[in-house]
Amino acid sequence: MNPELTLPILIPLLAGALSVALWRSVRYQRILAVLSTVLLLAASVWLLNSTVDQGFLVMEMGSWPAPFSIVFVADILSAIMIVLTGIIGLAIAIYSLASTPSGHEKFGYFPLMHLLLAGVAGSFLTGDIFNLFVWFEVMLLASFALLTLGGERAQMEGAIKYVTLNLFSSAIFLSAVGLLYGTVGTLNMADIAQKVATLEDPGMITVISMLFMVSFGIKAAAFPLFFWLPASYHTPQVAVSALFAGLLTKVGVYALYRVFTLIFTQDVEYTHTILLWAAALTMLTGVLGAAAQFEFRRILSFHIVSQIGYMILGLALFTPLAIIGGVFYIMHHIIVKTNLFLVSGIVYRLLGSYELKDLGGVYKHKPVLALLFLIPALSLAGIPPLSGFFAKFVVIRAGLEAEAYVVTGIALLVGLLTLYSMIKIWSEVFWKKTPEHVEDLSRLKGEVKDTHNWAYYLPVVGLAACTLFIGMNGQPIYELAEMAAEQLMNPELYIKAVLGGAQQ
Amino acid sequence: MESLMAYVVGILFAAAIYMMLRRSIVKLVIGLMILSNAANLLIFVVSGMTRGAPPLIPEGADAPLGTVADPLPQALILTAIVIAFGVLAFAVVLIRRAYEVVGTDDLDQMKDTDT
């Protein structure tokens, strides 16, 4: 028995249920939110520790042997993702204490946040393809409600696009699961992988793999399926934006990594070439979209799209080094991107706008905040010694070794354009004088003190410290990514861990 | 029977996508409803339809005798129906709220967040 395997799902689920029970008492919900995310982080570190020590952890629900039962499986990639979920969950929980309007808190903000974390953790841990669909829906439903909390016009318009495209993607996912079940007669991912390898007609499997690629591609916001993301991510209140930006699209990326290393490796030439060009175009369109934007959170939203390209590039090159780079990139990106959104929230708090033309002069009055923006921003652009440098370096080196020169060239160019966008934000928000039409400067000058200032700054400082930590400790993090990549590149280890246990 | 059902599934998917491409948000949600039904029916068809053979194990036997219907796809569909029900209930509330806030049901008028 490995209790750490289910704790990352059980803790947020229980916390969510308790929060509903404490519906009238927002104060206890707030305490519970911080408490449970601390526990989640602790459990996730425990899980990572166990997977590094013991390899795969497998738990069969109801003690039915796999492949008949639903299994939960943790390999190092899942464990890494769970740790990141814990870190982001804790950061968002603390930040929400200060940033969430009390109206949102009264209408179930905290229960929904817990439910979202449970859905994300479930998606990372399940070893059953239909169960993955169910966790996706848990996560989506919570995200729908979080996105629309507040009910402003922009939120409604963004939510319609977000809901429609995500439901469409779910329907494709469900159809693909049905077709896969019709072809191989099983839902357990390890069992599917085993049976797909022995199938006489791999053509059908390639068709199904394309359906999965489209479905997860929509969820991961890959080109040309990303339009819902920049239309919706800047509409909710900032803690929700940051939570989505950090975790949701990365669940899609994780699902792509899972199925395209474990199950659909029968026609790598075809499937991964499509992924490769999708990755290149994702990077390019994302970063060009960002260059045309002049709203803080919209620039960051487009950068999510472009960064997703790097992660998919790691998968598409499909060499051990590339997978290491992709995993490293995911680790770095989740922390950095959440942090940038949190900083945008603080700037909004100070000046009351996200539009670059209404912002300015933050460096003069809040130099510490400017520094806190600069750490994740330069890390995103890939400046050494921050985390982004090593992530980009590994991916690009893998691209050169695989002789995919065009795509690698695009990746380098995109790095440059990312720096351009970050400098644009820097000079507009931090360096430029405060525009004259901005009247209320009392918060910026520190004349009005917020009572919850620590809750704004603590997560930002913590995440910036994580970025620095990854940057300074490139070697151990790289080794962790290397172990994860080794497991991903050898799917027979996964199959043996899940199905081998049944024969004991 | 199976080829007939295959055509039905195909028509449902086509109808759903047609409805989703219309400009009215009400038709969009109707499209989503049809889409989830099409996916459910697809699972039912591709996993093999066996008529009149419930998967019951006779007394004293360890496994069902002869060919029986596969119960698993039905369990999958049931789960998917429940999920789709919840999600679509949300979607219906969403379009109502969106109509109240934006004051139109025309998707072409809802482009504020796109550019």
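1. In this predicted model, Gly314(A) is in contact with Ala322(A), Ile323(A), Gly325(A), Gly326(A), Tyr329(A), Val395(A) and Ala398(A), once its neighbours within four places in sequence are set aside. Gly314(A) lies in helix 13 of chain A, which covers residues 296-317. This glycine counts as buried because 30 other C-beta atoms lie within 10 Å, and a residue needs 20 or more to be so classed.

2. Beyond its neighbours within four places in sequence, Leu116(A) is in contact with Met139(A), Ala142(A), Ser143(A), Leu146(A) and Leu243(A).

3. From helix 3 of chain A the contact draws on Ser78(A), Met81(A), Ile82(A), Thr85(A), Gly89(A), Ile92(A) and Ser96(A), and from helix 5 of chain A on Tyr109(A), Met113(A), Leu117(A), Val120(A), Ala121(A), Phe124(A) and Leu125(A). By class, 10 residues of this contact are nonpolar, four are polar and none is charged.

4. The next matter is the meeting of the two chains. Between them, 28 residues of chain A are in contact with 30 residues of chain B. On the chain A side, helix 6 (129-148), helix 7 (153-184) and helix 10 (228-232) each supply at least two residues. Helix 7 of chain A gives the most to that side, with 18 residues. The residues of the chain A side comprise 16 nonpolar, nine polar and three charged.

5. Which helix of chain B does helix 6 of chain A run roughly parallel to? The partner is helix 3 of chain B, residues 71-102: the two axes come within 11 Å and cross at roughly 10°. An angle under 35 degrees counts as roughly parallel, and the two helices are therefore described in that way. Helix 6 of chain A presents Phe130(A), Val134(A), Glu137(A), Leu141(A), Phe144(A) and Thr148(A), while helix 3 of chain B presents Leu76(B), Thr79(B), Ile83(B), Gly86(B), Val87(B), Phe90(B) and Leu94(B). This helix contact has nine nonpolar, three polar and one charged residues.

6. Chain A also has a pair of strands to note. Strand 1 (residues 57-60) and strand 2 pair in the antiparallel sense over four bridges, and Val58(A) has Val73(A) of strand 2 as its bridge partner. In strand 1 of chain A, Leu57(A) and Met59(A) point one way, Val58(A) and Glu60(A) point the other way, and all are buried. In strand 2 of chain A, residues 71-74, Val71(A) and Val73(A) point one way, Phe72(A) and Ala74(A) point the other way, and all are buried. In general, side chains in a regular strand alternate between the two faces of the sheet.

7. The bond from Phe223(A) to Pro224(A) is cis, with omega near 0°, and Pro224(A) sits in the loop between helix 9 (202-220) and helix 10 of chain A. The bond from Pro384(A) to Pro385(A) is cis, with omega near 5°; Pro385(A) belongs to the loop between helix 16 (367-381) and helix 17 (387-401) of chain A.

8. Ala221(A), a residue other than glycine, has phi near 65° and lies in the loop between helix 9 and helix 10 of chain A. Is Ala221(A) buried or exposed? With 28 C-beta neighbours inside 10 Å, Ala221(A) is buried. Glu403(A), also a residue other than glycine, has phi near 60° and lies in the loop between helix 17 and helix 18 (405-431) of chain A. Glu403(A) is exposed, having 8 other C-beta atoms within 10 Å.

How values were computed
Residues are numbered from 1 along each chain as its sequence is written. Chains are lettered from A and ligands numbered from 1 in the order in which they are written. This is a predicted model: local features need pLDDT of at least 70, side-chain atom pairs count only at pLDDT 80 or more; totals for chains, interfaces and linings use all residues. Two residues are in contact if their C-beta atoms, placed from the backbone, lie within 7 Å. Ala, Val, Leu, Ile, Met, Phe, Trp, Tyr, Cys and Pro count as nonpolar, Asp, Glu, Lys and Arg as charged, and the others, Gly among them, as polar. Axes are lines fitted to C-alpha atoms, for helices over the stretch in contact, and angles run from 0 to 180 degrees between N-to-C directions. Angles under 35 degrees count as roughly parallel, over 145 as roughly antiparallel, 65 to 115 as roughly perpendicular and the rest as oblique. A residue is buried if 20 or more other C-beta atoms lie within 10 Å of its own, exposed if 12 or fewer, and partly exposed in between; C-beta atoms are placed from the backbone. Two strands pair if DSSP finds at least two bridges between them.
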